[in-house]
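Please read these notes with the model open beside you.

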Amino acid sequence: SFRSFVMGCVLTNLGIGLMLGVLMDMGDYLNVLGSYPEDICWRQYPLLIYACLGLQANSYVAALNFIAFIVIGAGAAVATNTFGAEKVIYWRESSTGLNSVAYFSAKVVADVPKALASTLCMLAGLLYSFVSPMNTGELITATVILYLNSYAAGYLLSFLLPYEACGMAAVGWGICWGLMFGGLSLTMREDLAGFKNNLMLISSARWYNEAVWYSSTMYPFSEVRDGPSKGKPYYNLDAANHALCFYKTLWEACGCAFACLLWWLAIDLFLIVFTKLDKKK
């Protein structure tokens, strides 16, 4: 309904964006601080040289990591209504021949404009005080994909849990994937191909943060972009890249986040088609 769209997408996400904008405006100004002077760094103990040459601070990534948690939790909570609010109706219609694949596909496509509206409303509240090296169009693109992933998470929760428990579970999902497996609190290890790394690969927040890293840090600060020194090295980012295992460009990272979306949608489709068969008779 129009009322639920306005309340669930427009006003909620506008409020989230305004709240985040106010919180960021109240703190220190967001910035990227480069390395200490090279003549000082090369005099340090050998194990400290690369840390000295690396970035001293990058508050954009930390700020957007928190945004990823909020987006995933809020988006998943809203998306639980898509299927969770009409389970009984779906089971009844399935017993009379409703095609589950067509039903699922139609509902997902119908949610795409909601995800876009949610992104624009959240960023409309945020960007009035959030000044970043990121291009606004790139930020919108990455955030839309993140919202779509959060919607896929909401579908999953509504298939697995009672509708009444989905809201709280969405918050837990946001904490798990937005903070724990966002690529910053826990980082991937190149020498460790285990369970944690596999979870990182299917975490849309991790790829979102890598896209943000490239657009807010790698591209603007890896080399001088204009002026007499154009093309020359600006900040040495090798140590920071290696520490975070962030090596992809914005569009490569967005492509990985979109692959995560397809992964979670495939699981959702499997669950809606092949579970609760006794209720569809």
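1. Helices here are DSSP runs (H or I, at least four residues), numbered from the N terminus.

2. This is a predicted model: local features need pLDDT of at least 70, side-chain atom pairs count only at pLDDT 80 or more, and totals for chains, interfaces and linings use all residues. Residues are numbered from 1 along each chain as its sequence is written, and side-chain values use heavy atoms, leaving out hydrogens and water.

3. α4 is mostly covered, with 20 of its 26 residues buried (under 20% relative accessible area, 1.4 Å probe, protein chains only).

4. The axes of α4 and helix α10 (residues 204–221) come within 10 Å and cross at roughly 150°. Axes are lines fitted to C-alpha atoms, for helices over the stretch in contact, with angles from 0 to 180 degrees between N-to-C directions. In contact (heavy atoms within 4.5 Å) are residues including Tyr60 and Leu64 of α4 and Tyr208 and Trp213 of α10.

5. In α8, the buried residues include Cys166, Trp173 and Trp177. Seen down the axis of α8, the buried residues fall within an arc of 105°, so they line one face of the helix; the arc is that of the directions from the helix axis to the C-beta atoms.

6. Threonine 119 sits in helix α6 (residues 100–126). Threonine 119 counts as buried because its relative accessibility is 0%.

Notes: Helices (H or I, at least four residues) and strands (E, at least two) are DSSP runs, numbered from the N terminus. Buried means under 20% relative accessible area, exposed over 50%, partly exposed in between (1.4 Å probe, protein chains only).
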